[in-house]
Amino acid sequence: MYAQITVHDKSMGMKDYHLYNKNGLAFYVFRKSQGEWQLAFGVLADDIKEACIDALILRFDTDVPALFYHHGKRQVVEVRAKKYSLWHIYLNNAYVGSMQYYTFTKQFNYHLEDNGLLTDDHVQKYIALIQRGELKWIKDDMR
């Protein structure tokens with residue numbers, strides 16, 4: 001499904017995403033505030049609302065390489081670039097691990113907390129995304 005969308009920055013970490021109908025009228029407004037998404041205007045069935053939020057997360061949250069559901073709850077994986085070729089991995093805004101690239105060995109090392117939902121295969125996928133330039137890499141630490 002395709003929909004016309006405009007993004008309105010409301011400052012203080014809040015953005016509104018207006019979805020328009022074919023007549024160009026704002027039909028639904030989704031809001032992201034402090035990392036949480038909600039339907040702020042309009043009425044949708046819960047499954048359609050959640051599908052729209054999933055699509056918005058995957059389209060507009062550039063640090064989110066994946067989302068999945070576990071026991072009916074949305075799990076959002078976020079990989080945040082830090083200085084010195086370091087990334088922190090978050091699951092629903094909770095720290096679950098880190099990855100680091102070592103310039104001398106030209107290899108990635110990583111650590112995962114014992115949360116059980118993310119595996120070594122997940123981290124390997126995120127490393128591949130970094131190597132392809134699909135996730136941010138702060139390269140300001142030329143040592």
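Me: Which strands does α1 lie across?
Reply: In this predicted model, α1 lies across β1, β2, β3 and β4. Its direction runs at about 125 degrees to β4.

Me: What order do those strands have in their sheet?
Reply: The order is β1-β2-β3-β4, in an open sheet of four strands with antiparallel pairing. The edge strands are β1, residues 4-11, and β4, residues 36-41; each pairs on one side only. On average, neighbouring strands here are turned by 25 degrees against each other, direction ignored.

Me: How many bridges hold β3 and β4 as a pair?
Reply: Five, in the antiparallel sense. Strand β3 covers residues 26-33. As an example of a bridge, Arg31 has Gln38 in β4 as its partner.

Me: Now the other sheet. What is the strand order there?
Reply: That open sheet has five strands in the order β5-β6-β7-β8-β9, and the pairing is antiparallel. β5 and β9 each have a single partner strand, so one side of each has no neighbour in the sheet. Neighbouring strands of this sheet are turned by 20 degrees against each other on average, again ignoring direction.

Me: And how many bridges between β8 and β9?
Reply: Six, with the two strands paired in the antiparallel sense. Gln100 has Asn109 in β9 as its bridge partner.

Me: Which helix packs on that sheet?
Reply: α2 does, touching β5, β6, β7, β8 and β9. The direction of α2 makes about 140 degrees with that of β9.

Me: How many residues are in α2, and how far does it reach?
Reply: α2 has 12 residues, 120-131, and reaches 17 Å from its first C-alpha to its last. That is close to the 16 Å expected at 1.5 Å a residue.

Me: Which of its residues are buried?
Reply: Val123, Tyr126, Ile127, Leu129 and Ile130 are the buried residues of α2. They are on the same side of α2, because they cover an arc of only 160 degrees around the axis. These buried residues pack against β5, β6, β7, β8 and β9.

Me: What about the other side, buried or exposed?
Reply: Asp121 and Gln131, on the other side of α2, are exposed.

Me: Different topic. Where is Asp63?
Reply: Asp63 is in the loop between α1, residues 46-60, and β5.

Me: Is it buried or exposed, and by what figure?
Reply: Asp63 has a relative accessible area of 14%. Buried means under 20%, so Asp63 counts as buried.

Me: Which residues is Asp63 in contact with, leaving aside its neighbours within four places in sequence?
Reply: Asp63 is in contact with Val77, Glu78, Val79, Arg80, Leu135 and Lys136.

Me: Zooming out, how many helices and strands does the protein chain have?
Reply: Two helices and nine strands. Along the sequence the pattern is β-β-β-β-α-β-β-β-β-β-α.

Me: How much of the chain is buried?
Reply: Of the 143 residues in the protein chain, 34% are buried. The accessible surface comes to about 9,400 Å², and 52% of that belongs to carbon and sulfur atoms.

Me: What box do the C-alpha atoms fill?
Reply: Roughly 55 × 35 × 25 Å, taken along the principal axes.

Me: Last one: what share of contacts join residues at least 24 apart?
Reply: The share is 22%, among contacts between residues at least 6 apart in sequence.

Methods: Residues numbered from 1 in each chain as written. Predicted model: local features only at pLDDT ≥ 70, side-chain atom pairs only at ≥ 80, totals over all residues. Heavy atoms only, no water. Expected span 1.5 Å × (residues − 1). Buried < 20%, exposed > 50% of the residue type's maximum accessible area, 1.4 Å probe, protein only. Arc of directions from axis to C-beta. Contact = heavy atoms within 4.5 Å. Pairing = 2+ DSSP bridges. Axes fitted to C-alpha atoms, helices over the stretch in contact; angles between N-to-C directions. Areas by Shrake-Rupley, 256 points an atom, 1.4 Å probe, with all protein chains shown as cover.
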